[in-house]
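Student: I have a model open and want to go through how its parts pack. Can we take it piece by piece?
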Amino acid sequence: METQVKNSDATILKKYGLKDAVAHRNLSGEELQKITVKNNWGVETENGTLAVNTGNFTGRSPQDRFLVKDDYTSDKVWWGKINKSISPDNFDLLYDRVTAYLSGKEVYVHDGYVGAYPEYRLNVRTIAEYPWSAFFVKNMFLRLNDVELKDFTEDWLVICAPGYVEQEPERYGLRQGNFSILNFSRKIALIGGSAYTGEMKKGIFSALNLILPVEKDVLPMHCSANVGKDGDTAIFFGLSGTGKTTLSADPDRRLIGDDEHGWTAKNIIFNFEGGCYAKVIDLTEDKEPDIYRAIKPGAMLENVIFKKNSRKIDFEDSSITQNTRVSYPIDHIENIQQPSFAENPTNIFFLTCDAFGVLPPVSRLTPGQAAYHFISGYTAKVAGTEAGIHEPVPSFSACFGEPFMSLHPTVYGEMLSKKMTEANVKVWLINTGWSGGPFGVGSRIKLKYTRAMISAILEGKLENVDFKVHPIFGLHMPVSCPGVPAETLDPINTWENKGAYIQKAIQLAHSFHLNFEKFAAEASPQILTGGPLIDEHHHLEEHF
């Protein structure tokens, strides 16, 4: 029996090793949604948005992520806990097993690309077992017109087979039956055993995190970005819960992208993606109006629960997972930059939710400090965010995206430091966490104050104010900022017990030092001088 194909030639699946399969190629979102609902793989909400359940996996499985170790990767990749190796032979065997599994099935082929700036575009073909997996990449990757689709040739291939669970994982160098593997020589992302759609998105992001710096001198960044009326671009780095999405959504500025960007040698910031993948736990229209209004036909919800006897979403219900999500095309947001790239990066914001109440609400960083804090990627987990956490716990994720960094973090840190110096970019550390004491004692810094600080920076209103240096962290703190009470700008002023502040600050500084030990051997002297000035062995009362 010949391979049957819709909207394609008869060899499209055969060349990938799929036999006797039916390829539904580049179906519309409406068609993919209709197939999903018809087969009871998903349901529609009251306003017609598709909602699916991703099964056993409601998030990425970082321990089951592998990179093929071969001539291309062996001396480039930062091997270890984050980037685990698998042999080319084992990859080839798994690839053959997955394609044999998909043979004879109906599969859903989507052709798109990543990299909004034409010079760095990467064509990606996805072959998915489920129609809603294709729906997801249709939302998240950049979309092609009919002419481009006709002449499409992929640079990378994604094969996503959630139904394939390897029964003999140890035999192929796996930990368990699910896996997400990148092969840079064959240019394939192979996903098995997990239906969590973020594995496809982050797989390609991880690939770009190696390809772009090594081959193109482009810095890949896990960040959001927007651009002002005068063409000035701002970049926002931050881990979950720090306010990255909230603070980059600005009615006076156009959104370039929500999550993944590149910074070129010509100082162009470009979006990798064509959509947004936002958390929706506790979502309200008041808190996140852009995301709330983007949930309409064309979007896809994951792992949400409906209110009783209705198709209305209960955004507060986390009974499946805290990681409830929605994917939608970026044009579901009104105020966007089209095409999604811009020049003139002017300000970079590192967002941290410091639950210890130690870091200033706003401070300016030197190039060395910027690289140090970028490599550190600090925030804090507060009580209730994870089981067993009752007091604030420091959390570090290198480059604000450690699980996706294929190279050693200092490579990205050095690139950032070099680019910010060449472009004369200012880098700011913004604490969206606590003031007046740690979590449970102090209070969360008001969002209106954080917005006022960022607006003041973007409008150049901190250009001519005086700064003073934090004695422990060496950060440059403004002594005044429009719309913000002056006494809150130096965190020690907000604590009743100054000695307790000093003790807590030294404790946090020591956490930074301990975390950075694993990077120190590869870091330049400039980066090493960017860390806290003092650790727990010093006595600082005389400095305050």
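Tutor: Helix 1 passes helix 3 in a left-handed crossing. Keep in mind that this is a predicted model.

Student: Where do helix 1 and helix 3 sit in the chain, and at what angle do they cross?
Tutor: Helix 1 covers residues 29-38 and helix 3 covers residues 131-140. Their axes cross at roughly 150° and come within 8 Å. That makes helix 1 roughly antiparallel to helix 3.

Student: Which residues make the contact?
Tutor: From helix 1, they are G29, L32, Q33, I35 and T36. Helix 3 contributes P131, W132, A134, F135 and K138.

Student: How many of those are nonpolar, polar and charged?
Tutor: Six nonpolar, three polar and one charged, for the contact of helix 1 with helix 3.

Student: Changing topic: how is the chain divided into domains?
Tutor: Domain 1 is 19-217, and domain 2 is made of two segments, 221-263 + 344-529. The domain centres, taken over C-alpha atoms, are 33 Å apart.

Student: How many residues does each domain put into the contact?
Tutor: 17 residues from domain 1 and 17 residues from domain 2.

Student: And how much area do domain 1 and domain 2 bury between them?
Tutor: About 1600 Å², with 59% of it on carbon and sulfur atoms.

Student: On the domain 1 side, which three residues supply more than any other three?
Tutor: W78, F205 and N209. Together they supply 40% of the area that domain 1 buries against domain 2.

Student: What about helix 8 and helix 9, where are they and how do they cross?
Tutor: Helix 8 is residues 367-376 and helix 9 is residues 409-422. Their axes come within 9 Å and cross at roughly 145°. The crossing of this pair is right-handed.

Student: Which residues meet between helix 8 and helix 9?
Tutor: On helix 8, P367, A370, A371, F374 and I375. On helix 9, the partners are P409, T410, Y412, G413, L416, S417, M420 and T421. The contact of helix 8 with helix 9 has nine nonpolar and four polar residues, and no charged ones.

Student: Last one, on the backbone. Is the peptide bond from Q338 to P339 cis or trans?
Tutor: The bond is cis, with omega near -10°. P339 is in the loop between strand 19 (325-329) and strand 20 (341-343).

Terms used: Residues numbered from 1 in each chain as written. Predicted model: local features only at pLDDT ≥ 70, side-chain atom pairs only at ≥ 80, totals over all residues. Heavy atoms only, no water. Axes fitted to C-alpha atoms, helices over the stretch in contact; angles between N-to-C directions. Helix = DSSP H or I, 4+ residues; strand = E, 2+ residues; numbered from the N terminus. Parallel < 35°, antiparallel > 145°, perpendicular 65-115°, else oblique. Left-handed = near helix turned anticlockwise from the far one by under 90°. Contact = heavy atoms within 4.5 Å. Nonpolar A, V, L, I, M, F, W, Y, C, P; charged D, E, K, R; others polar. Domains from an automatic or database assignment. Buried area = accessible area lost by both parts, 1.4 Å probe.
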